[in-house]
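Look at the sequence and the model first, then read on.

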Amino acid sequence: MIASMFNLDHRLAELRPTEQQERTARALRKAAAPATRPALATGEPARSWLATGGNHLSRPTAG
């Protein structure tokens with residue numbers, strides 16, 4: 001039982017990302033963040049789901 005617990009702990013430690021891998025992942029996410037948010041065109045109104053009151057349906061419901 002002790003040997004299997006050690007084996008499991010050892011394997012889990014191998015699967016955990018290293019500190020360097022975590023730093024790299026954070027840097028990549030930070031660099032990609034501006035690309036995931038498209039900029040508004042000049043003169044385009046800034047509308048959001050909350051601006052419509054949050055209850056605007058894009059399609060009529062079947063009733």
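The model is predicted: local features need pLDDT of at least 70 and side-chain atom pairs pLDDT 80 or more, while totals for chains, interfaces and linings use all residues. Residues are numbered from 1 along each chain as its sequence is written, and side-chain values use heavy atoms, without hydrogens and water.

Leucine 12 belongs to helix H1. This helix covers residues 2–15, 14 residues in total, and reaches 20 Å from its first C-alpha to its last, close to the 20 Å expected at 1.5 Å a residue (1.5 Å times one less than the number of residues). H1 lies largely in the open, because the number of buried residues among its 14 is zero.

## Nonpolar patch

Leu8, Leu12 and Leu15 make a nonpolar surface patch of about 320 Å². Patch residues have over 30% relative accessible area and no salt bridge; nonpolar side chains (Val, Leu, Ile, Met, Phe, Trp, Tyr) are joined within 5 Å, and like charges within 9 Å.

The structure has one salt bridge, defined as a side-chain nitrogen of Lys or Arg within 4 Å of a carboxyl oxygen of Asp or Glu. Glutamate 19 pairs with arginine 23, with 3.1 Å between the closest N and O atoms. Both residues lie in helix H2 (residues 19–36), four residues apart, about one turn of the helix. Glutamate 19 is exposed at 57% relative accessible area, whereas arginine 23 is partly exposed at 40%.

## Whole chain

The chain has two helices and zero strands; these are DSSP runs numbered from the N terminus, helices (H or I) of at least four residues and strands (E) of at least two. Of its 63 residues, 0% count as buried.

Technical notes: Buried means under 20% relative accessible area, exposed over 50%, partly exposed in between (1.4 Å probe, protein chains only). Accessible areas come from the Shrake-Rupley method with a 1.4 Å probe; for residues, only the protein chains shown count as cover.
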